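Here is a friendly walk through the model shown below. Please keep the viewer open while you read.

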Amino acid sequence: MSQFTRRTFLKLTGGAAAVTASGLYLPSIGRAAAPRVVVVGGGYGGAVAAKYVKKGLPSADVTLIEMNEKYISCPLSNPVLVGHRDMKVQTWGYEGLKKHGINVVIDEVTGIDAAAKKVTTKGGKSFEYDKLVVSPGVELKFGAIEGFSAEAAEKMPHAWKAGPQTLLLKKQLESMTDGDPFIIVAPPNPFRCPPGPYERASLVAHWMKKHKPKSKVIILDAKDAFAKQPLFVSGWKELGLNVEWKKGAEGGKVTKIDVAGMTVTAGDMGDTYKSSCINVIPPQVAGHIAHVGGLVNDKGWCPVNPATCESTLHKDVYVIGDACAIAGLTDKDALPKSGYAANSEAKVAAANIVAALSGKEAGDPSYANTCYSILTPDYGISVAHIGGVSEGKLKITSTAISPPSADLGAGKDTFRKQEAIYAEGWYQSIMADTFA
Amino acid sequence: MQKKKSTTLLTSALLAGGLLLAGSAMAGASPEMLSNTCAGCHGPDGVSAGPSMPSIAGMPAKHLEGMLKEFKDGSRHSTIMVRVAKGYSDEELKTIAEFYSKLKWGDAKTNPNMVEDTKVDPALAKKGKAIADKQCEKCHEEGGVKQDESTPRMAGQWLDYLLIKMADLKDPNFKVPQEKKMKEKVDKLSVDELKATAHFYASQAK
Ligand SMILES: Cc1cc2nc3c(=O)[nH]c(=O)nc-3n(C[C@H](O)[C@H](O)[C@H](O)COP(=O)(O)OP(=O)(O)OC[C@H]3O[C@@H](n4cnc5c(N)ncnc54)[C@H](O)[C@@H]3O)c2cc1C
């Protein structure tokens, strides 16, 4: 009987129904035979998930819903602030994904109904899915610091979502009073791009040498330690970059912001800092839509099974990228909230979706992350993570930052320069993997 | 002597920099799963979008595997590959090498993903051709197109990568395995002459 059904079905629906051979995916009467995969968010995570699902299962009907026409990359947006790069090279479109046969919809997802397996959009459309991928990035918690808000960010930019905010901060840097400090308010863990605030501090301090010689950078940090810290600290010294880092335990924790007076208040003693240029990077949680869809835990991030990236709260929903809780844990067996980790999680989710829809075994996952940071155009550093899953938990098999300068001896300058050169190569390749 | 010391230092530096364990958490991962993670740096299907990351698709499996293991044990200079390779068991590296060896090489010059053209300088490429014809063609045949189990392809590789590689060959701080006969030739050339050959090889397609 099953033989007959299978053959008839294949004849009726062609290649698209090949997946039914396993009996795992059985389309119900009255709807398209191809399995439907919907992806919410077309950034470092979502775009890759859409592409690799389509690549692994060409018969799938893949829809990517992204609210912006153009994607502006955060990675390498810090060099934009100091005029080393143009916004043009940060900006990407969805033509490449369309060419792969992905249905790209520019609209904002406003609802996820995991029970009905359906998403709805601001534009009034609705999309049913067999598998859903959610990769909305982060939501900035504007209200978490007294006196800060979305409006306040127009005067004290965060520049933590690349775009107009990046250009606003750039303009403020250029017009700031020479002699004022550039203040960065750095967020608590976990947050998008752990080395990002310190890369920004380095590049601005380097730029100041020429453009604001009387100024320096002050980082007011909610934390007592940060990513690649030994390398940043020694780099600042070697390069003569004027960066002062105040840790949370020693007066760095910002408690109040006054946009009108352009001051921030920090520490137990309530020290006040005033400047014509203040960059406030607020605390973060998973992108808003993940909250709407009931995909978050009590900390505001999305718990997933690290073997598959499937949500532990809703079946058939995969959460990847910054929103996902395996990225940004502070223990050693964790991935950071980075573009590379999002890319890697996307491939794990895609492989599992393809396998589930075609009745195959997905096998174990394999994860990779690397983050380059540029201190000056000739000085790059990096961190790498490689990992898999052991006993149901993420297991990092190798993680290390670039070697300290003392150990590189006479080869140090060349080594650091090579990493700065490779950072650009990384960007081009990962963007090709994402959008081409 | 000097060289040996600096690699030992380098390796211990990496050990100090973080936790390094042999990989085993990916025992049941498919070749695609293991290998697709490299694309974030080496480009989709191992064809880099440039300008500095090398393309790795279509190289002979033996050569790829050899390089990955040399990265892992520190006998081949790398900025980051040592830290990547250490995450995998030797068996996994072999699987990954085999995966990439079966993919198709893509020239930088004709790469559909590239954003910027390779910045080959025609005058330098000409100078480089003269040197390569005399000094390198014996092994890197057909203008660097040839590859076999031990000789890597150079034609059509990204210029910025070849420039780094050529400079590495002469850098006493970095260890790069070199064929004895090749080293004899390289020793007689200046870094600038070697860089000219990089322009030549980068300009070659096919
Ligand atoms: C200054 C800075 C520097 C960085 N540098 C690096 C670096 O060098 N290397 C690195 O690996 N990472 C870096 N990162 C981190 C990197 O940007 C993020 O980790 C990465 O973008 C995460 O990918 P994602 O898919 O989770 O989110 P995103 O890339 O932000 O993509 C989310 C997408 O979803 C869309 N979206 C959200 N909600 C909806 C909705 N409801 N409906 C439709 N669409 C929606 C958004 O418009 C967006 O396009 C940096 C970040 C910053 C801020």
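Met262(A) sits in the loop between β14 (254-258) and β15 (263-266) of chain A; helices here are DSSP runs of H or I with at least four residues, strands are runs of E with at least two, and both are numbered from the N terminus. Although Met262(A) is not a glycine, its phi is positive, about 50°. With a relative accessible area of 13%, Met262(A) is buried, where buried means under 20% relative accessible area, exposed means over 50%, and partly exposed lies in between (1.4 Å probe, protein chains only).

Before going further, a word on the ground rules. This is a predicted model, in which local features need pLDDT of at least 70 and side-chain atom pairs count only at pLDDT 80 or more, while totals for chains, interfaces and linings use all residues. Residues are numbered from 1 along each chain as its sequence is written, chains are lettered from A and ligands numbered from 1 in the order in which they are written, and side-chain values use heavy atoms, with hydrogens and water left out.

**Backbone features**

Most residues other than glycine have a negative phi, and most peptide bonds are trans. Asp316(A) is another non-glycine residue with a positive phi, about 65°. Its place is the loop between β20 (310-311) and β21 (317-319) of chain A, and at a relative accessible area of 8% Asp316(A) counts as buried.

There are cis peptide bonds to look at as well. In chain A, one joins Asn189(A) and Pro190(A), with omega about -10°. Pro190(A) belongs to the loop between β11 (182-186) and α6 (196-211). In chain B, the bond from Gly50(B) to Pro51(B) is cis, and its omega is near -5°. You will find Pro51(B) in the loop between α3 (39-42) and α4 (61-73).

Met431(A) is part of helix α11 (residues 412-435) of chain A. Is Met431(A) buried or exposed? At 0% relative accessibility, Met431(A) is buried. Leaving out residues up to four places away in sequence, Met431(A) touches Tyr44(A), Tyr71(A), Ser73(A), Trp92(A) and Ala436(A), a contact being heavy atoms within 4.5 Å.

Cys74(A) lies in the loop between β3 (71-72) and α3 (78-81). From Cys74(A) to Cys193(A) the C-alpha distance is 9.2 Å, with the two residues 119 apart in sequence.

**A helix residue in chain B**

Over in chain B, Thr197(B) is in helix α11 (residues 191-203). Its relative accessibility is 1%, so Thr197(B) is buried. Beyond its neighbours within four places in sequence, Thr197(B) is in contact with Gly128(B), Ile131(B), Ala132(B) and Met166(B).

**The chains as a whole**

The table puts the chain totals together. Accessible areas come from the Shrake-Rupley method with a 1.4 Å probe, and for residues only the protein chains shown count as cover.

| Item | Chain A | Chain B |
|---|---|---|
| Helices and strands | 11 helices, 24 strands | 11 helices, zero strands |
| Buried residues | 60% of 436 residues | 53% of 206 residues |
| Contacts at least 6 apart that join residues at least 24 apart | 64% | 74% |
| Accessible surface | about 16,800 Å² | about 9,500 Å² |
| Carbon and sulfur part of the surface | 54% | 57% |

For chain A, a compact globule of 436 residues would have a radius of gyration near 22 Å, and the chain has 23 Å, which agrees; the radius is taken over C-alpha atoms, and the globule rule is 2.2 Å times the number of residues to the power 0.38. Along the principal axes, the C-alpha atoms of chain A fill a box of roughly 80 × 50 × 40 Å.

Finally, the confidence: pLDDT is the predictor's confidence in each residue, from 0 to 100. Chain A has a mean pLDDT of 92, and 92% of its residues reach 70 or more. Over residues 1-31 of chain A, pLDDT stays under 50, and the model has 30 contacts beyond four places in sequence for this stretch.
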